[in-house]
Each structure stands twice: as structure tokens, then as C-alpha cells.
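I opened the model to go through its sheet, its helix contacts and its nonpolar cores. The entries follow in the order in which I looked things up.

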Amino acid sequence: MAGSGGRANAAGSAGAGPRIGGAGPGAALRAPCALLLLAVLVLCAYCLGAVQGRCLSTARAPVPAPAAPRAARRPGVPSLRVARGHGRQRFPQALILGVKKGGTRALLEFLRLHPDARALGSEPHFFDRCYERGLAWYRSLMPRTVEGQITMEKAPSYFVTCEAPHCIHGMSPDTKLIVVVHNLVTWAISNYAQALSRMPGLPSFRALAFRHGLGPVDTAWSAMHIGLYAQHLAHWLCYFPLSHFLFVRGECLVSNPAGKVGRVQDFLGLKRVITDKHFYFNATKGFPCLKKAQGARQPHCLGKSKGQPHPRVPEAVVQRLHDFYRPFNCKFYQMTGHDFGWD
């Protein structure tokens, strides 16, 4: 036994080669398999390390913050710049409503002469088109004001927007509302004249105002619908008391601009700064202009679309419209406590 152990030790000390070679055919097959297995293990370790390396580097890499989403532009929605300067941006304390192209722009331009009245020049259409953007966005558009100044904006379409009274009351129940109204028959003809200058192929005024010749008045046409003052005002009175309203006749802004602007200044609690000296009558356009607009050195009149000649409308059409609006006007006179004399 001792001799056998000595021979084994001697074979082992002679090296691995003779030992493997002396192990028989099975050992010869096992050697290549062991080498192949070792190579596979090394390759797997390398691949695993490479994959882990890539994952770690990805995890450690700083992920850039996503860009703030830009508000989608919709047709008819203006892109307005954020105001800069001294003071604070506040929600409007007063809004100018009423009929479009009935004097709202003129009144806004007149009031902008006052040093204590700051107004947004463009119409943001917040309460009729952009309310989903939020009140913070709306306030960011307002001009900056200091103590003693008021913020204003105008959008005549608010007056006929069903959701506007509720939303404006939610912004501030103390909002003052200046409503520019007009004789709806003459206003509708004027509105048609401006539309016709842009689209010469429009149907006749009569065809738009009535169904089936001189049948029922087509209140689906916006020029007819807006004249239902009593219906629109009733909706507003569900949210604001009558004392929060000042009704301004658009006709009087032409015949007596200083007098009407004086009343508006009183309503807003402003000193009467804007007077007769600020106006002159432009005979060519047929309405008053400013001798000096805000920030301008020259006299200022409204745009070319203002003061266009009216098309001839048959007297029968005019009379039919007066008859249609008469009961609505009478109700409006009762609600406001003022006879506007349109009949």
C-alpha cells in the first residue's frame, strides 16, 4: 500500500500532462469540454458587465427636464404679451361690454387718456374663448397699476356669452360693468356694411335678417340675436345688481363724447380729467376723434373700418325690424329704468 501511494505521488509531481494522458479516453474528452465551458463563462461575464455598464451609465446620466408645454393657439384667440413695468397686475375692476363695433373700442380709447385708468389694448377673449387657461393666465396679461389706478379690459362678446356672468362673478363680484348699447336696427345695418366691405359676395341684408322673404326675423344671425338686450341682461342680473351697470348709448358717444365719458369717469370713481378739450369732430369719418391719443403726438382716429357708408335698405325691412324689437326694447327700458328712445 505504501508503495502504491509513493507511485501516485511521483506521478502527480511529474505534472498535469502525463496525469491527464494517463487517465484514459474519458479524460481526453473532458479536457476540451472544460476549456469550452471556461470560455463560455468568460464571455457571459464580459457581456453581463457590458450590459450593466450601459444601464448604470444610463441611470447616472442626467435626464433633461421636459420643456413646458406651449398653449395651443386656436383660431380667433390672440397671442398677448405679458405686461412689464412698475406696479402690480390685478384683475380688471371694470369691463366694457355691449355690441361689437357699436362704440366699445372708441370708449376704451377715450378712457385710456385718463392717467388713472389702465386698459388692455387687445381683447383677450378670456371669458368666452380662453377660460380653460385659468385666472392666473388672465391676470398675467393685465397692465401693471399702482395705488389709485384701475384696470380695465373690453370684450363686447361677453355680453351675449351665457357663461360669462357666472365666471366674471367668480373672479370678482365687485366688477363694474359698462354696457355700450345701440339702436339695433341702425347698428345691424352698420355691422352689415362693414362685413360687406370685406366680403362683397354676401347675400343682401334682407336675406340675412329674415327667413322666407319678409317672414320671421332670423335671430340665428348674430346681428339679430345680439339685439335681444332684455334677454341678455336678465342673465347678468342673476349675478350682479343693477347698481354695478352703466349703460352707454353708442349714438351719444358720437354726438356728445365728452359728456358720456364724463359719466363713465364718475361711475368708475375717477376724477373728470377727459373733457371737451380732448375731442374734435372728423367730418370725413362722421364721428369724433381724439386730439391726442395716449402716447401719441398726433390726433388719433379709429381705424379705416369705422365710419363706412351704409347700404340702402328698403324702408319696409327697417320698419319690420323696429316692430320686432319694440317689445324687447320696452322690457329693456323697464329693467334699466331708462328710456333709450329707439322706437
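Entry 1: What percentage of the 343 residues of the chain count as buried? I noted 39%, with buried meaning under 20% relative accessible area, exposed over 50% and partly exposed in between (1.4 Å probe, protein chains only). This is a predicted model, in which local features need pLDDT of at least 70 and side-chain atom pairs count only at pLDDT 80 or more, while totals for chains, interfaces and linings use all residues. Residues are numbered from 1 along each chain as its sequence is written, and side-chain values use heavy atoms, with hydrogens and water left out.

I listed 13 helices and 9 strands in the chain. Helices (H or I, at least four residues) and strands (E, at least two) are DSSP runs, numbered from the N terminus. I then looked up contacts, meaning heavy atoms within 4.5 Å. Among those between residues at least 6 apart in sequence, 70% join residues at least 24 apart.

Entry 2: I traced an open sheet of 5 strands in the order 3-5-2-6-7, with parallel pairing. Two strands pair if DSSP finds at least two bridges between them. Strand 3 (117–119) and strand 7 (245–249) are the edges, each pairing on one side only. Direction ignored, neighbouring strands are turned by 25 degrees against each other on average.

I followed strand 6 (residues 176–181) to both sides. Strand 2 pairs with strand 6 in the parallel sense over 5 bridges, and 5 bridges also join strand 6 to strand 7, again parallel. Leu177 of strand 6 stands opposite Leu95 and opposite Phe245 in strand 7. Further bridge partners in strand 7 are Leu246 for Ile178 and Val248 for Val180.

Entry 3: I checked helix 4 (residues 104–111), which lies across strand 2 (94–98), strand 3, strand 5 (150–154) and strand 6, at about 155 degrees to strand 2. Axes are lines fitted to C-alpha atoms, for helices over the stretch in contact, and angles run from 0 to 180 degrees between N-to-C directions. Helix 12 (residues 257–267) lies across strand 6 and strand 7, at about 175 degrees to strand 7.

I then compared the two helices: helix 4 and helix 12 pack at about 70 degrees with their axes 11 Å apart. That makes helix 4 roughly perpendicular to helix 12 (65 to 115 degrees; under 35 counts as roughly parallel, over 145 as roughly antiparallel, the rest as oblique). Leu107, Phe110 and Leu111 of helix 4 make the contact with Pro257, Val261, Val264 and Gln265 of helix 12. I counted 6 nonpolar residues, 1 polar and no charged there; Ala, Val, Leu, Ile, Met, Phe, Trp, Tyr, Cys and Pro count as nonpolar, Asp, Glu, Lys and Arg as charged, and the others, Gly among them, as polar.

**Entry 4: helix 13.** I looked up two neighbours of helix 13 (residues 315–336), starting with helix 7 (residues 184–198), whose axis comes within 9 Å of that of helix 13 and crosses it at roughly 130 degrees. Helix 7 and helix 13 are therefore oblique to each other. Leu184, Val185 and Ile189 in helix 7 meet Val318, Leu321, His322 and Tyr325 in helix 13. This contact has 6 nonpolar residues, 1 polar and no charged.

The axes of helix 10 (residues 229–236) and helix 13 come within 8 Å and cross at roughly 35 degrees. Here I found Tyr229, Ala230, Gln231, Leu233 and Ala234 of helix 10 meeting Phe328, Lys331, Phe332, Met335 and Thr336 of helix 13. The contact residues divide into 7 nonpolar, 2 polar and 1 charged.

**Entry 5: cores.** Which residues touch the most other members of the largest nonpolar core? Of its 52 residues, I listed Phe127, Tyr158, Ile168, Phe205, Met224, Trp236 and Phe332. A nonpolar core is a set of buried Ala, Val, Leu, Ile, Met, Phe, Trp, Tyr and Cys residues joined through side-chain atoms within 4.5 Å. Helix 13 gives the most to this core, with 7 residues. Apart from this core lies another, of 26 residues, among them Ala94, Ala117, Val180 and Ala258.
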